[in-house]
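Dear colleague,

Please find below the structure that I am handing over to you, followed by a written account of what was found in it. I would be grateful if you read the two side by side.

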Amino acid sequence: MTEFFARARANIALSKYWGKADRALNLPAVPSLSLTLDDLVTETTAARDGSLTHDHVELDGTLRAGDEAKTLGAFLALVRARAGVAEGAPGSFLRVRSVNRFPTASGLASSASGYAALAAAASAAYGLRLDDGALSALARRGSASAARSVFGGWVELPAGAAGDDTTGARPLHGAAHWDVAMVLALVDRGPKDIASRDGMRRTAETSPYYGAWLAAAPLLHARVRDAVAARDLAATGEAMEASTMAMHASAWAAQPAVRYARGVTLDVLDVVRSLRRDGVGAWATMDAGPHVKVLCEARDADGVAARLRGTPGVLESRIARPGAGIERP
Ligand code: 2P0
């Protein structure tokens, strides 16, 4: 059994992806821009195993079963179809081991690094040679944010056009483009309340503000992209916060509400605002969970992390820096 290894890093979106243009192909309805981070790593090995009658996927030491195994198996079946490997043929199923080496409590998006690493390891196991763009488009089928984790640094995932399965992310600037940090404030160790896929579906189906989000998102994305290109921290931070709040506002208005923020989340937002009042350039974003990620200059990161750590309800704060793209066979 030959094992194929891949390593990918998580990313945090500055302009947010929320909603799908095509549910079957998992195409995003809006463009997004992210920063790949250095120390949130998923490592995955995949090997074809003739003794298996279905895929075995072990995540963080636990063999996945039920709906989760079904979802993962459907993704691997897609990789097989691309590689021309007949479903059920001897040696067609994979033994996969994936470990999140997040040096921190969980609760940070791992589906991005997870599906990027899985797409890379599985395609290698089937001898499917993909360039980064094609690998990104494949990872997107697992999780749209995973398309961005194929690349390091500053990455754009365009909105998809219904039916266009080639949509993948593209690198805008390398990790060295800008010396910033994302300071992560973790406020909860439990699993998230609503999976992002379900949250965005409910938003699209029931929120009166989903249409407003679809109209605003591309403009906010363009502001983020221009500000990142110019390394203008205030402009980037303001546009990032605007995209974040517009996304979450559309979700809050879903019925029932899709609300990821807790009381402590808002307390951290207050701290970030008071940091700015004190002259520290710091701006906040949140994803499908209660944690807050704070963008600042690298030289300010220690001070920002200390302030966040001192906020009641913050369990842990750590500094992430721009990171590299995927490593694969
Ligand atoms: C993002 N999020 O742009 C946004 C902001 C969460 C909030 O991408 O359905 O796990 O698997 O494509 O990529 C999380 O959603 O969703 C996400 P699917 P995904 O980072």
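N26 is found in the loop between strands β2 (20–22) and β3 (27–28). Helices (H or I, at least four residues) and strands (E, at least two) are DSSP runs, numbered from the N terminus. Please note that this is a predicted model, in which local features need pLDDT of at least 70 and side-chain atom pairs count only at pLDDT 80 or more, while totals for chains, interfaces and linings use all residues. Residues are numbered from 1 along each chain as its sequence is written, and side-chain values use heavy atoms, with hydrogens and water left out.

Phi of N26 is near 50 degrees, a positive value in a residue other than glycine. Most residues other than glycine have a negative phi, and most peptide bonds are trans. N26 counts as buried because its relative accessibility is 3%; buried means under 20% relative accessible area, exposed over 50%, and partly exposed in between (1.4 Å probe, protein chains only).

D60 also has a positive phi near 50 degrees and is not glycine. D60 sits in the loop between β5 (56–59) and β6 (62–63). With a relative accessible area of 44%, D60 is partly exposed.

Helix α1 covers residues 66–83, and its axis comes within 10 Å of that of α2, crossing at roughly 45 degrees. Axes here are lines fitted to C-alpha atoms, for helices over the stretch in contact, and angles run from 0 to 180 degrees between N-to-C directions. The helices α1 and α2 are therefore oblique to each other; angles under 35 degrees count as roughly parallel, over 145 as roughly antiparallel, 65 to 115 as roughly perpendicular and the rest as oblique. The crossing of α1 and α2 is right-handed. A crossing is left-handed if the near helix is turned anticlockwise from the far one by less than a right angle, and right-handed if clockwise.

Helix α2 (residues 111–125) and helix α3 (residues 132–142) have axes that come within 8 Å and cross at roughly 120 degrees. That angle makes α2 oblique to α3. The crossing of α2 and α3 is right-handed.

The axes of α1 and α3 are 9 Å apart, at an angle of about 150 degrees. These two helices, α1 and α3, are therefore roughly antiparallel to each other, and α1 passes α3 in a right-handed crossing.

**Strands and the open sheet**

Strand β1 (residues 4–15) is mostly covered, with nine of its twelve residues buried. It is joined by ten bridges to strand β4 (residues 32–48), and β1 and β4 run antiparallel.

Four strands form an open sheet in the order β11-β12-β10-β13, with antiparallel pairing; two strands pair if DSSP finds at least two bridges between them. The edges are β11 (282–285) and β13 (316–320), each with a single partner strand, so one side of each is left without a neighbour in the sheet. Neighbouring strands of this sheet are turned by 25 degrees against each other on average, direction ignored.

Four bridges connect β11 with β12 (residues 292–297), and these strands run antiparallel. A282 stands opposite C296 in β12. H291 lies in the loop between β11 and β12 and is buried, with a relative accessible area of 4%. The side chain of H291 reaches the backbone nitrogen of V187 at 3.1 Å; such a polar contact is a pair of N or O atoms within 3.5 Å, where within protein one must be able to donate a hydrogen and the other to accept it, and residues adjacent in sequence count only if both atoms are side-chain atoms.

Helix α7 (residues 233–252) has 20 residues and should span 28 Å at 1.5 Å a residue; its end C-alpha atoms are 28 Å apart, which agrees. The expected span is 1.5 Å times one less than the number of residues. At the N-terminal end, D232 caps α7, with a side-chain oxygen 3.3 Å from the backbone nitrogen of A234. Buried residues of α7 include L233, M240, M247 and H248.

P256 lies in the loop between α7 and α8 (263–277). A cis peptide bond joins Q255 and P256, with omega about -5 degrees.

Yours sincerely
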